[in-house]
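Here is a short note for a colleague opening this model for the first time. Please read it with the structure in view.

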Amino acid sequence: MSRVAGRAADLSLDPIPRMVTPPSGLTDEEVSRRIAAGQTNASAVRTSRSISEIVRANVFTVFNGLLAALFVVIMATERWQNGLFGVVIVVNAGIGIVQEWRAKRVLDRLALLNAPRARVVRNGTPLDVDVGAVVLDDLLDVRAGDQVLADGLVRESAGLEVDESLLTGEAEPVAKVTGDQVLSGSIVVAGQGHFQATAVGADAYSTGLTIEARRFTVTYSELVADTNRLLRWIAVTIALVSPFLIWSQFSSPDNHGWQDAVTGTVAALVGMVPEGLVLLTSLAFMIATITLARSSTLVQELPAVEALARVDVVCLDKTGTLTDGSVRLDRLELCSGAHEPDVRNALGLLARTGDANAATAATADFIPASHWQQVDAVAFSSARKWSAVVTEGHGSWVLGAPEMVLHSPVTKEQTSARDRADAFAAEGSRVLLLAHTDSGVHGDTGVHGDTDLPANLVPDALVMFVEQLREDAEQTLAYFTDQGVTLKVISGDNPRTVGAVAAKLHLPGARSAADAVDARTLPADVDELAEVLEQHSVFGRVTPHQKRAMVGALQHRGHVVGMTGDGVNDVLALKDADIGVAMGNGAAATRAVAQLVLLDGRFAHLPDVVAEGRRVVANIERAANLFLVKNVYSLVLAVIVAFTHTAYPFAPIQLTLISAVTIGIPGFALALGPNHRRYVPGFLNRVLRFAIPVGIVTGIGAYTAYFATTLLDHGADVAEGRTTATLTVLIISLWTLLVLARPLTGWKLGLVAGMALIVAVIVAVPALGQGIFLLEVSPLRLTIAAVVGAAGALLVELTHRSILILVRLATDAGSSP
């Protein structure tokens, strides 16, 4: 009997009984039995591809397969030099494998640091364990900001409220009491509690957004989508042209024997294969990822760096983004008639009821514990914006946002408290209002704000908090403003507080606290909401679902939206934004759904991410131009020889030389070099606009040189014509490289000069030029190549300048370039 079968038999004889997990949790023995049974929360989803998957992805591609087949065919001709293009397959695959392996190591290491943990109770002791170490029937402890990591049944609830909108679309948080079900992937927005895991791992409702969101993926990006579209077009073109090309080469009188025909056919097909374009695109993303990792920025999806470069609106949460997240209780302002000992007792109790947030933690540091007895409680939530306790003999006490606790003041005392709170908030203070009532405030109160509170609340004190602005916040905001990125501050705090903070940081559109908009006045209609967002920059008292709606409204207007946040109230907006950026010290749920995580919580890293994204986008465009120009002139030449029945004007080894010194080496150098150009949409249109005319010029120049050699050079044959065509294309392509490298700097000039020097050495040394690259150089052929090459270079320059003029005219006319 096999070991697996034996284990299955053992389990069938000794099954784990269904049980209600006691408050002390599972015992070690019970945990061990479940691990042996495979009843753990381990997920098959990995944070990166395995080594074998990396090798397969870089080796077994359609174009590598085509090149490999052509390599076998050309080696049958016994002309080994022409098979050197096979080295390209090995080099490209090797570079891709090594770089992705490096990226895998970095991302896996950072993902491990960012991995969520689960709090379980075992043997009566709370423990922190890996998510995958949770077993069936474990008793899990959850608090506000946590993501539920397994399906389960609530065993204990203290105001527990769960947002299931990511799973069900239900907008309102759901209160959970003992016996209710919770689903993996939902988010705890208020209170705390214990639940028993009833489905783990693959059996859970959701295998866990926390793990899935960190997966190493290549999702949608303009660069990737347009590159794939180009590859499809090229593949179709090769399929259509190949039959005519093969027929023309085998029927051409210029080719002597099947070896010559095969050589010309293989050269034409190799020229149309963009052998390094996909590698270069992926490589640029991966190197950007590694670069950002050195700045404690975890890229959870590779195209995220490109996405942030495309962003034109960034929505910012105040707390934890513009401020450092720390809160200090500054002072208490007693209201008229308040009794200070009662105020301190109430605050001491409220600060220690339920799961602590920054404000209650700061209060607990300032106010000693209360001797009052708690009867009931309502936990704080981002939607409700208040918490409450019911005491034995001292009434009910509520602590929360003044405008939510006293939404519609009716008494003189209530009106006075609201006015004072608004005045303090306008100065930039974070203000909470403490009020009491003899009426009850029950734990099953709904989540719709002040309507759940009694109208006879008596204000007792204003609790004043101070937040520390990040030292780099103003500089970071100024960077985005200078780069033409619109900034929107959307916060759950008092509008006046948010407005005052934005004004201190000189945010455009925030001259004073009064410029902030109270989100409770925002329209529900998406078009009307978008119009308000276009006109204003600072918003307070924004609920989590309003944040999500605001992101959607901006996207509805055609904006590419980035969202930063650190709290559970930011999760929905982070999930829907084009690019979500979470703080490493924020709630686990925010880190789970964001594409970027600033592990050290420093907002100042965002300009680095934008700069890296712009470098990637602009440099890949340059390199794509080089690759596509070669594909175009190879196609032009294939069409010409198909109609003229002449030999193809290059041998494969000569195309390998052209590709190496004018495309491959400089393309990779340009793709990885610095570039500060702002993002401009329309990548594919711009590449085609340049590559097609330049490719046509280069192709016609190559055939002109080939044909001129057969006319002017008496006794010249195919080999001599190919020499002139190769030298001509080298001249035109080096000038094309010089055009695409602009603005020219020292290292770029050195790069072009280095490539030209390599060509000169090959031409000057017969063992290289004639022995390897099959170049039959003579003064006449050099002269023909120089003349035709110079004319082609001039046409390339004129084409480039004409494109610039047309773009400028189109821009002035208001159309997209």
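1. Ground rules. The model is predicted: local features need pLDDT of at least 70, side-chain atom pairs count only at pLDDT 80 or more, and totals for chains, interfaces and linings use all residues. Residues are numbered from 1 along each chain as its sequence is written, and side-chain values use heavy atoms, with hydrogens and water left out.

2. The sheet. Six strands form an open sheet in the order β10-β15-β14-β13-β12-β11, with antiparallel pairing. Strands are DSSP runs (E, at least two residues; helices are H or I, at least four), numbered from the N terminus. Two strands pair if DSSP finds at least two bridges between them. The edges are β10 (323-334) and β11 (374-378), each pairing on one side only. Neighbouring strands are turned by 20° on average, direction ignored.

3. The helix. Helix α14 (residues 358-366) packs on this sheet and touches β10, β14 and β15 (458-469). Contact means heavy atoms within 4.5 Å. The helix direction makes about 55° with that of β10. Axes are lines fitted to C-alpha atoms, for helices over the stretch in contact, and angles run from 0 to 180 degrees between N-to-C directions.

4. Partners of β13. Strand β13 (residues 396-400) pairs with β14 (residues 430-437) over five bridges. L399 has L434 as its bridge partner in β14; W397 has H436. On β12 (residues 386-391), also joined to β13 by five bridges, V389 partners W397. Four residues separate β12 and β13 in their hairpin, where G393 takes a positive phi near 85°.

5. Burial. Five of the five residues of β13 are buried, so this strand is largely enclosed by the rest of the structure. Buried means under 20% relative accessible area, exposed over 50%, partly exposed in between (1.4 Å probe, protein chains only). S396, V398 and G400 cover one side; W397 and L399 lie on the other.
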